[in-house]
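Try each task yourself before you read its solution.

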Amino acid sequence: MNRSFLQAIRGPIMLIALGTLVAIDYAGVYGFWRTWPILIILFGLLKLLEHSGVKPPDSYPGGPSGPYPGQHSVDGPPGGNVI
């Protein structure tokens with residue numbers, strides 16, 4: 001699945017799960033106090049799915065070699081050591 005798709009459906013899935021748990025509580029099957037950890041588990045699974053399908057971006061030729069754009073090498077700042 002696509003990362004943006006999982007981000008888009010995470011909120012609605014959490015709301016559906018919350019509504020289901022409230023309905024179960026209202027029906028008297030289980031109290032909400034016993035079922036609320038399902039929300040945390042569901043959120044964690046959705047985040048895991050979101051991050052598992054994402055590959056790191058490829059660096060482009062002539063681009064920065066560090067992990068962050070604009071990051072300089074450890075040799076020193078560009079232009080020398082001017083004090």
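**Exercise 1: A patch on the surface**

Leu 15, Leu 18 and Val 22 make a nonpolar surface patch of about 260 Å² in this predicted model. Find where Leu 15 sits, and decide whether Leu 15 is buried or exposed.

*Solution.* Start with the location: Leu 15 belongs to helix 1, which covers residues 3–27. Next, look at accessibility: the relative value for Leu 15 is 61%. Exposed means over 50%, so Leu 15 counts as exposed because of its 61%.

**Exercise 2: The buried residues of the helix**

Work out which residues of helix 1 are buried, and what they pack against.

*Solution.* Buried means under 20% relative accessible area. In helix 1 the buried residues are Leu 6, Arg 10, Met 14, Ala 17 and Leu 21. Now follow their partners: these buried residues pack against helix 2 (32–35) and helix 3 (37–52).

**Exercise 3: Length, bend and end**

Describe how far helix 1 reaches, where helix 1 bends and what follows helix 1.

*Solution.* First, the span: the 25 residues of helix 1 reach 36 Å from first C-alpha to last, close to the 36 Å expected. Third, the end: Gly 28 comes after helix 1 and has a positive phi, near 85°.

**Exercise 4: The whole chain**

How many helices and strands does the protein chain have, and what share of its residues is buried?

*Solution.* Count the elements: there are three helices and zero strands, running α-α-α from the N terminus. Then turn to burial: 12% of the 83 residues count as buried.

Conventions:
Residues are numbered from 1 along each chain as its sequence is written. This is a predicted model: local features need pLDDT of at least 70, side-chain atom pairs count only at pLDDT 80 or more; totals for chains, interfaces and linings use all residues. Side-chain values use heavy atoms; hydrogens and water are left out. Patches are made of residues with over 30% relative accessible area and no salt bridge: like charges are joined within 9 Å, nonpolar side chains (Val, Leu, Ile, Met, Phe, Trp, Tyr) within 5 Å. Accessible areas come from the Shrake-Rupley method with a 1.4 Å probe; for residues, only the protein chains shown count as cover. A salt bridge is a side-chain nitrogen of Lys or Arg within 4 Å of a carboxyl oxygen of Asp or Glu. Helices (H or I, at least four residues) and strands (E, at least two) are DSSP runs, numbered from the N terminus. Buried means under 20% relative accessible area, exposed over 50%, partly exposed in between (1.4 Å probe, protein chains only). The expected span of a helix is 1.5 Å times one less than its number of residues. The bend at a residue is the angle between axes fitted to the seven residues ending there and the seven starting there. Contact means heavy atoms within 4.5 Å.
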